[in-house]
Amino acid sequence: MKQNTLYLTTQGAYVSRDHLTLKIEVEKELKLAVPIHHLESVCIFGHSLMSPPAAELCWEHGVPINYFSENGYFIGRWEGVPNTSVLLRRAQYRVADDRRASALIARQCVAGKLQNSRQSVLRSARETTATEERDRLQSCATDLASLLRMLEHVGDLDEIRGMEGQGANVYFGVFDFHLRQQRDDFSFRVRSRRPPRDAVNCLLSFLYALVRHDCIAALTATGLDPFVGYLHAERPNRPSLALDLMEEFRPLLADRLAITMINRKQIGPKDFAPREGGAVEFSPTGRKAVITGYQTRKQETVQHPVLEQQCRIGQLMLIQARILARHLRGDIPEYLPCVLR
Amino acid sequence: MFILITYDVSTVEKAGRRRLRRVAQACKDYGLRVQNSVFECKVDAKNWVLLRARLLEEINEKEDSLRFYFLDADVTFEHHGTKKPIDLEEPLIV
């Protein structure tokens with residue numbers, strides 16, 4: 001049974017309960033009726049209303065409701081009583097208090113990110129026809145590989161964070177060369193966020209928000225506390241562990257999808273709108289296109305490198321959260337990030 | 001499991017009209033209405049037990065008819081004309 005996520009992006013949608021189904025109406029017109037057992041979560045972007053009985057139906061079936069701003073900023077989450085895996089949480093906190101053990105996990109997260117970035121860069125290098133760009137991409141891959149080798153001997157958290165930053169610099173330095181279409185409209189100079197200042201940054205930020213939400217959901221479902229992390233320092237309201245878990249998925253899921261959607265022209269300059277002060281945000285059609293792309297990608301199946309099983313890309317985050325939980329409980333010596341070919 | 005449910009509920013009496021409403025509601029709770037008395041349900045084993053028991057409870061064996069078709073994963077079908085249902089496994093965006 002494939003369970004699905006319901007996304008509400010139309011402003012002013014109203015969700016009500018009809019026995020065991022959710023009814024979604026826009027301006028009193030019925031758009032959709034979904035039996036609750038088809039859903040694993042509901043994501044509301046901007047202003048849509050959910051009736052209390054509808055929320056209760058979600059709660060009864062363990063379906064969390066996630067609220068986002070219109071632009072995809074994660075605001076909050078509504079879910080029933082969390083599962084009480086106290087022992088796992090205590091193990092998680094104990095590791096967080098131990099700098100050496102924290103560094104071990106942080107290093108694996110960064111290693112996963114660097115390896116997936118490298119695979120992505122090499123793939124674009126294979127696909128490009130321009131010699132100079134191929135050389136730049138390949139030298140980036142070499143740099144990432146040497147960072148990976150250096151990472152093996154680093155045991156200090158701050159040094160690990162430094163290398164993650166170096167890796168990101170090298171990686172985003174050649175990001176432009178991934179694009180084979182629409183280069184004029186999607187030029188990328190530097191990563192900018194809060195607010196994103198060009199279309200590529202806007203696209204990346206939005207996708208990261210979607211991945212981040214899935215990571216928070218996966219960790220919560222596993223019984224971990226998404227707010228106590230290892231690579232990312234703790235700060236109020238910062239889901240540090242979700243950000244840790246996300247690192248390996250950024251190149252794999254978000255960046256690759258952004259590149260593919262631009263190259264296939266599934267998204268174009270008309271899907272973005274400039275705002276006063278130099279920020280760029282999505283138009284409603286753009287937002288829908290990206291969510292569709294993301295959901296479709298999550299339904300694709302891949303072979304998990306550690307489990308050696310076929311699984312949906314959408315399940316990977318949950319699997320990784322469980323591998324992390326096993327490491328925290330002491331069942332396996334280290335956290336194994338998910339690295340795909 | 002992918003199950004096709006079809007039914008005929010006698011609506012001569014008031015009690016029959018009530019049964020019809022309740023049978024339709026049970027099907028709506030677990031699946032998609034594809035035609036007036038035809039529902040497609042994608043359910044796991046647990047929900048199938050619940051739905052089946054609920055339907056058998058509702059109908060009157062002497063007057064009504066209820067049929068379940070168990071469809072394999074590789075079943076194919078075509079649709080023409082109006083009332084085309086949505087696919088609940090595709091991205092759901094409103």
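In strand β6 of chain A, A:Met50 is the bridge partner of A:Val15, and the two strands concerned, β2(A) (residues 13–18) and β6(A), pair in the parallel sense over two bridges. Strands are taken as DSSP runs of E with at least two residues, and helices as runs of H or I with at least four residues, numbered from the N terminus; two strands pair if DSSP finds at least two bridges between them.

The model is a predicted one, in which local features need pLDDT of at least 70 and side-chain atom pairs count only at pLDDT 80 or more, while totals for chains, interfaces and linings use all residues. Residues are numbered from 1 along each chain as its sequence is written, chains are lettered from A and ligands numbered from 1 in the order in which they are written, and side-chain values use heavy atoms, with hydrogens and water left out.

**The sheet of chain A**

Strands β4, β3, β2 and β6 of chain A form, in that order, an open sheet of four strands with mixed pairing; its edge strands are β4 and β6 (49–50), each of which pairs on one side only. The pairing of β2(A) with β3(A) is antiparallel and runs over six bridges, with A:Asp18 standing opposite A:Thr21 in β3(A). The hairpin of these strands has two residues between them, and A:His19 takes a positive phi near 55° there.

| Strand pair | Sense | Bridges |
|---|---|---|
| β2(A) and β3(A) | antiparallel | six bridges |
| β2(A) and β6(A) | parallel | two bridges |
| β1(A) and β5(B) | parallel | two bridges |

With contact meaning heavy atoms within 4.5 Å, chain A brings 29 residues and chain B 19 residues. The size of an interface is often given as the accessible area lost when the parts come together. Here the buried area (accessible area, 1.4 Å probe, lost on putting the two parts together and summed over both) is about 2000 Å², and carbon and sulfur atoms give 64% of that area.

On the side of chain A that touches chain B, β1 (4–8), β3 (21–26), β4 (29–35) and α9 (284–299) each supply at least two residues, and α9(A) gives the most, with six residues. This side divides into 13 nonpolar, twelve polar and four charged residues. Zero salt bridges are counted between chain A and chain B, a salt bridge being a side-chain nitrogen of Lys or Arg within 4 Å of a carboxyl oxygen of Asp or Glu.

Over all chains, the structure holds 14 salt bridges. One of them joins the side chains of A:Asp214 and A:Lys298 at 2.8 Å, N to O, and this pair links distant parts of the chain, 84 residues apart, with A:Asp214 in helix α6 (residues 199–222) and A:Lys298 in helix α9.

Helix α3 of chain A (residues 99–127) has 29 residues and should span 42 Å at 1.5 Å a residue, which agrees with its end C-alpha atoms being 42 Å apart; the expected span is 1.5 Å times one less than the number of residues.

Conventions:
Nonpolar A, V, L, I, M, F, W, Y, C, P; charged D, E, K, R; others polar.
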